[in-house]
Each structure stands twice: as C-alpha cells, then as structure tokens.
Amino acid sequence: MTPTSTPGLTRFNALEEHAARTALHEACASTAWAKRLLAARPYATAEDLYTASDAAMAELTAEDLAQAMAGHPPIGRPKPGDPTSAREQRGMAGASDALKAEMLELNLAYQERFGHVFLICATGLTGEQMRDAVRERIGNTPEREREIVRTELGKINRIRLARLVAEEARP
C-alpha cells in the first residue's frame, strides 16, 4: 500500500473483476464507464481513480449517457430502500408538499423535453436549489443539456467513488 492509498482503494484494486464491476455499477450504471475503470486497475491513489472516471465520462456516447442516467431516480423520488439515492436527495426530504408537487411537474416537463430524468449532483443542495436548476436548464438545447448532464454525472461518480474507496472492508 502506498502512503497515498487508502484501505478501501487497496481493497477495490484487489477485488475479483465481477465484484469490482458490481461495485462500479453501484456508482454508475454505464457499462462502458465501468469497463474503462476496470481496465485501468490497479490505481495508485484515489485521485488516479477519479481522473480515470472523468476521462471515461468524457468519452461516453449518447447511448452510454442514457444508460448511466437510467440508474438515477427522479429528484424528489429516491429509489425505495436505496440509501444512496436517499442520501443524495436529502435536500428534498424536508421540502414542503407544494415544492414536491412543483418538482414532480418540472421533472415531467423536463423528461418530456429531453427524454430522460433531470439529473443534477444533488448532494448538499436544497430542494429550492434543485427546483431553480431544473427551471433554468429546461430551456437548454438538447446538446447543451447533454453536456451539463455529463458534468453532473461526473460529479456524482466522484462522490460515489470517494465513498467506495473510503469504506473499510465489509464483513
């Protein structure tokens, strides 16, 4: 183990391919993204892993992005029993019924316009900030929105990878 690696990163590097693929799939639903990250193992540092993630995200096709987005529930409706989506969308948990209803309407309008869920790195954002973001982004061109989604997915992947490599070995 190098001085800059963590026990979680060392464990990830040592996982059998199937187990590593499963761990990566929990971070991002894109098969192409996971394949690129698997091919570059082992990682000397967590930053090397994040850099590889960013590079893989930059090369995803529209179909790959669609696959990645399919793994994300709409804002305000985290997947039941999924602590990751609940944690990431915590800013909507205490939102008023009116804000939740508005987000549902905005999510539906966004999805009708772009053909996929509104995706934002929601970690640390309030419900109002998420609402304001969807209001602002719904006017984007599909091309502009695809690049924003790519950036947001990259942020989400970094957060999820950081959690993965910070984890101690599971029992």
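User: Where does Asn 107 lie, and is Asn 107 buried or exposed?

Analyst: One caveat before the numbers: this is a predicted model, where local features need pLDDT of at least 70 and side-chain atom pairs count only at pLDDT 80 or more, while totals for chains, interfaces and linings use all residues. Residues are numbered from 1 along each chain as its sequence is written, and side-chain values use heavy atoms, with hydrogens and water left out. Asn 107 sits in helix 8, residues 97-114 (helices are DSSP runs of H or I with at least four residues, strands are E runs of at least two, and both are numbered from the N terminus). Its relative accessible area is 3%, so Asn 107 is buried (buried is under 20% relative accessible area, exposed over 50%, partly exposed in between, with a 1.4 Å probe and protein chains only).

User: Which residues is Asn 107 in contact with, leaving aside neighbours within four places in sequence?

Analyst: Contact here means heavy atoms within 4.5 Å. With its neighbours within four places in sequence left aside, the partners of Asn 107 are Pro 74, Ile 75 and Phe 118.

User: And how far apart in space are Asn 107 and Val 117, C-alpha to C-alpha?

Analyst: Along the sequence, Asn 107 and Val 117 are 10 residues apart. In space, the C-alpha to C-alpha distance between Asn 107 and Val 117 is 6.8 Å.

User: On to Glu 145: which side chain does the side chain of Glu 145 make a polar contact with?

Analyst: Glu 145 belongs to helix 10, and its relative accessible area is 0%, so Glu 145 is buried. Setting aside neighbours within four places in sequence, Glu 145 is in contact with Tyr 110, Phe 114, Arg 137 and Asn 140. A polar contact is a pair of N or O atoms within 3.5 Å; within protein, one must be able to donate a hydrogen and the other to accept it, and residues adjacent in sequence count only if both atoms are side-chain atoms. At 2.6 Å, the side-chain partner of Glu 145 is Tyr 110.

User: How do helix 2 and helix 10 pack, in angle and in handedness?

Analyst: Helix 2 (residues 17-27) and helix 10 (residues 142-166) have axes 9 Å apart and an angle of about 135° (axes are lines fitted to C-alpha atoms, for helices over the stretch in contact, and angles run from 0 to 180 degrees between N-to-C directions). That makes helix 2 oblique to helix 10; angles under 35 degrees count as roughly parallel, over 145 as roughly antiparallel, 65 to 115 as roughly perpendicular and the rest as oblique. For handedness, a crossing is left-handed if the near helix is turned anticlockwise from the far one by less than a right angle, and right-handed if clockwise. The crossing of helix 2 and helix 10 is right-handed.

User: Which residues of helix 10 does helix 2 meet?

Analyst: The helix 2 side brings Ala 23, Leu 24, Glu 26 and Ala 27, and these meet Asn 157, Arg 160, Leu 161 and Leu 164 in helix 10.

User: How does helix 5 cross helix 10, and how do the residues of that contact divide by class?

Analyst: The axes of helix 5 (residues 62-69) and helix 10 come within 11 Å and cross at roughly 55°, so helix 5 and helix 10 are oblique to each other. The crossing is left-handed, with Ala 62, Leu 65, Ala 68 and Met 69 of helix 5 meeting Arg 146, Val 149, Arg 150 and Leu 153 of helix 10. By class (Ala, Val, Leu, Ile, Met, Phe, Trp, Tyr, Cys and Pro are nonpolar; Asp, Glu, Lys and Arg are charged; the others, Gly among them, are polar), the contact of helix 5 with helix 10 has six nonpolar, no polar and two charged residues.

User: What is the peptide bond from Arg 41 to Pro 42?

Analyst: Arg 41 lies in the loop between helix 3 and helix 4, and Pro 42 is in the loop between helix 3 and helix 4. With omega near 0°, the peptide bond from Arg 41 to Pro 42 is cis.

User: Which backbone oxygen does the side chain of Arg 41 reach?

Analyst: Arg 41 counts as buried because its relative accessibility is 19%. Its contacts beyond four places in sequence include Phe 12, Asn 13 and Glu 17. At 3.0 Å, the side chain of Arg 41 reaches the backbone oxygen of Leu 15.

User: And which backbone oxygen does the side chain of Tyr 43 reach?

Analyst: Tyr 43 is placed in the loop between helix 3 (31-39) and helix 4, and at 6% relative accessibility Tyr 43 counts as buried. Among the residues Tyr 43 touches are Leu 9, Phe 12 and Asn 13. The side chain of Tyr 43 comes to 2.6 Å from the backbone oxygen of Leu 37.
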